[in-house]
Structure formats: structure tokens, C-alpha cells
Amino acid sequence: MIKKLLIANRGEIAVRIIRACRELGIATVAVYSKADKDALHVKLADEAVCIGDAPARESYLKMERILCATVASGADAIHPGFGFLSENSKFANLCKRCNITFVGPEGDIIDRMGDKSAARNTMAAAGVPVVPGTTQPIFDAEPGKKLADSFGYPVIIKASAGGGGKGMRIVRAPEEFVHLFETASQEAKNAFGDDSMYIEKYIEHARHIEFQILADNYGNVVHLGERDCSVQRRHQKMIEESPSAALGDTLRREMGDVAVRAAKAAGYHNAGTIEFLLDRDKNYYFIEMNTRIQVEHGVTELVTGLDLVKEQLRLAAGEQLCVSQEDIVLRGHALECRINAECPERNFLPSPGKIQSIQLPGGNGVRIDTALYAGYTMPSMYDSLAAKIMTYGRDRKEAIAKMEGALAELEITGIQTNRDFQKRLLAEPEFAAGCIDTGFVEEVLARKED
Ligand code: ADP
């Protein structure tokens, strides 16, 4: 088993990992930038090492410093969390070369799934349905347009190296193609240093349904059911839930089997997510695989009773899966609202700053993952996720009622948050009825302007 773990991350996910380690008796080492010296993960870890200046490229993305901190502190493993180096194959390979256990899959698997265009081909070859689209990377608008014309509009242009909704554009008419391709490609180059693009048919009124999978090193793969992440703004998730109101037992079993097949086709190890789009006719299509723990993993934990981070640590240490597919039963319903430091009235402008006071909700079926505390200053250079509020109920209705209560209790002063906007989303009749797709948030926003 791992004896001492370095957490190459910050914020609530670093805190989440430290808590799992405590339960398993694993010592923890936090790393932090100069902007994070007062951060909660630094206080809670057994040891903490400063790795550089505030910008992530000077600290949380500095591989050599993180590896040095690992060796110097005597840690034998690194958990990368999400974001930062979590899907960086070079980092995973360097860990291996330094004899450090990387909590995640091997570098070549990260590469195979990290290029989203190549991942589509791997999945199609394994018989996993993919959205109709291009099979080769596209670098120029003109050849791209010819292909888009042949698929028929609308199409979506996406970055092969993409993530976080960046480098993506929906094109509804041929005359818009060239301009939108160029802006998407420029955005991809700026964000990922890679302007390799691909094109997919745009699926109207889709739901985003993703399956959590766990895989050990001995060929065993299970899925832990799905998360419905259709409540998104600009392709970024805002509310996630499990199970999805759109799936019955038969479709869940079918998609779950396909997700397991997809993970096997990738030769996958550790925890991962297979993302699908589900159209109105219940056709489903693979869109990408995430080779790391996800922000929204907690809703799966609530309905399965498993601890995904503890499972990741056990699997990384070479243990066999502790459950078989038959052991996994989804019970009840879980919901997560992401509370971001942002101002919905000002086009969701980030609004970090000093937390003057914070009152967190609680009670039966309420879970909060946050690294905030009163007096803490949220730095402006990292992401704006402030807290994840999760609720668990016997059914969807109960989980929503608990979430409404929890959001009403939540009070954070000193920063702006999207709490009231989340309340508004929950109050929409389509949300209550479970009739939502990835266009839901934009529709609500358009109504607001009426
Ligand atoms: P990222 O890795 O940047 O998050 P994804 O490929 O996971 O990108 O897509 C993010 C979101 O963009 C999806 O959840 C969905 O809302 C939208 N999207 C992506 N591809 C399509 C498509 N072919 N048709 C419709 N919507 C899409």
C-alpha cells in the first residue's frame, strides 16, 4: 500500500484526497504556491512544501519541483486530482521513471484518450457508437468546411486537445464555418498549444450522460452507473445528478456495458469516465474519456456507497477491484450544485476575494466539499469553484427538496456567488420534471432577458 502521498493539487479536491488518506492511514504532503500559503489543504496535510509563485505554470504545473518535493519528503505516490497535471502523460511517465506511483492510468493510456480525435477512432474500432464526424485531424478551415458540408449543419468544431469547453464552436450555417473554425482554432492554440481540430455533427437537445468506471491492473472493469451533467453553461457543468431521469434500467445496463467495453478498448487502469451524448430518440454516442477523478464524483459516491478516491489509491497500489458488477447497486438519488465565485448578473464574471463570513448548510443527506473558511482569501488566478453542495434523497424529488433547503441555508459574504442562479435553475418546471438538455441554462438565461 501507499505509505505517504503527495497531492499535486489545491482547493477542495486536495482536501478531499487528504481526508481519504487519513482514513487509510496514509501520510500526506501538500504542495502550494505562494498565493496558497493560507489554504486549507496546507493546514490539513501532515506536511506542506511551497513549490513556487502564484501562476500555475510557476507552481502547480512545474513537474520537476513537484517531483523534487515528492522525493525530498519521502512520499511514494502522487495524486494529481483534476486539472493541472492530472491528464499530462509526460508527468505520469516521469513519475514512473522516478519510481513514484502515479494515481491514475499510465502515460500511454492518457495519450491514447487525451487526443480526443484519436480517442473517437479507438472507440469506433471497438464498436462503441461515436458522433458522426471526422476521422483525421483538421488544421485548415477550407478542407474542414468541405467535410462539414458533407455531414450537414449544424456541426460542432472541437479541439483534439480540448477540455473545459475551450476551442469549441457550434456552426449552424455554411457561411459561418470559416470564421468560427478560425476562432476555435486560435482559442485551442492559446489554451493548449495545439490547434489540431475535429468536427462532429452537432446533436440537438442532447443530454450529457457519463459513466464512472473503475479498472484494476488484472483486467477487471466495472461501471458505477451514470451521472447526468446536462445543466451546463458554455459547455461547463453546473449541476450534476445520479441517476439520470432519462435512463431506465435497460438503457443503463446497455450503456454501462458499452462504457466497460470502451474502458477495456482503452486498456484502462484506475478511475475514469466515459462521456456520452444521448439524443431525444435515446441514441447515445461516445464523446470523450476523462482519465482522472472528476469534479462531480461525489454524486456517484452517494448513490453507490463507494469512496472513489480510496478506490483510486487502492487500485494504484496494485490491489484488485473490491467489487464486481453485481455488487454495485444504485440506491436513492444524488444531486450536486457547483457554487462558483462569480457574478451571474455580470455575465458570470469571476468574483474571488476575501471570505468575510461563511455559513454552510448541513443535516441529513447534505454533503459539502469546500476549502473555504472565514477570513480566507480566494486567489484570483485559479478556478472559481468555491464549494460543491451535494444532497442525497430516497428519490429525485427528495434530493431536490434537500438541495433547495441547503442553498437557502448557504451564506457566503465577501464574494459574489452563483447561489441564487442555482436556486432559480432548480425552481424551473423543466428541472423539476427532469426534462433538461444541454441547452437548458441558455434557455433560462434568455427568458431572464425577456
Ligand atoms: P470538454 O472536454 O471541453 O468538456 P466535451 O467533448 O466533453 O468537451 O464536450 C462538452 C460539452 O459540449 C458536452 O457536454 C455537450 O454539451 C457539448 N458537446 C460536445 N460535443 C457535442 C456534439 N457533437 N453535439 C452536441 N453537443 C456537444
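1. Strand S6 covers residues 155-159 and pairs with S7 in the antiparallel sense. Three bridges link S6 and S7. Ile157 has Arg169 in S7 as its bridge partner. Note that this is a predicted model.

2. S6 and S7 belong to an open sheet of three strands, in the order S7-S6-S8. Pairing in this sheet is antiparallel. Strands S7 (169-171) and S8 (197-201) are the edges, and each pairs on one side only. Neighbouring strands are turned against each other by 25 degrees on average, direction ignored.

3. Helix H6, residues 116-125, lies across S6 and S8. The helix runs at about 50 degrees to S8.

4. Now the ligand. The shell around the ligand holds 20 residues. Gly165, Ile203, His208, Gln232 and Glu288 come nearest. By class, the shell divides into seven nonpolar, seven polar and six charged residues.

5. A backbone N or O atom of Ile203 sits 2.8 Å from a ligand nitrogen atom. For Lys201, a backbone N or O atom lies 3.0 Å from a nitrogen atom of the ligand. Glu288 uses its side chain: a polar atom there is 2.6 Å from an oxygen atom of the ligand.

6. How much of the ligand does the protein bury? Taken alone, the ligand exposes 550 Å², and the protein buries 95% of that. S6, S8, strand S12 (270-278) and strand S13 (284-290) are the elements that each give two or more residues to the shell.

Notes:
Residues numbered from 1 in each chain as written. Predicted model: local features only at pLDDT ≥ 70, side-chain atom pairs only at ≥ 80, totals over all residues. Heavy atoms only, no water. Pairing = 2+ DSSP bridges. Helix = DSSP H or I, 4+ residues; strand = E, 2+ residues; numbered from the N terminus. Axes fitted to C-alpha atoms, helices over the stretch in contact; angles between N-to-C directions. Contact = heavy atoms within 4.5 Å. Near = heavy atom within 4 Å. Polar contact = N/O pair within 3.5 Å; in protein donor to acceptor, adjacent residues only side chain to side chain. Areas by Shrake-Rupley, 256 points an atom, 1.4 Å probe, with all protein chains shown as cover. Nonpolar A, V, L, I, M, F, W, Y, C, P; charged D, E, K, R; others polar.
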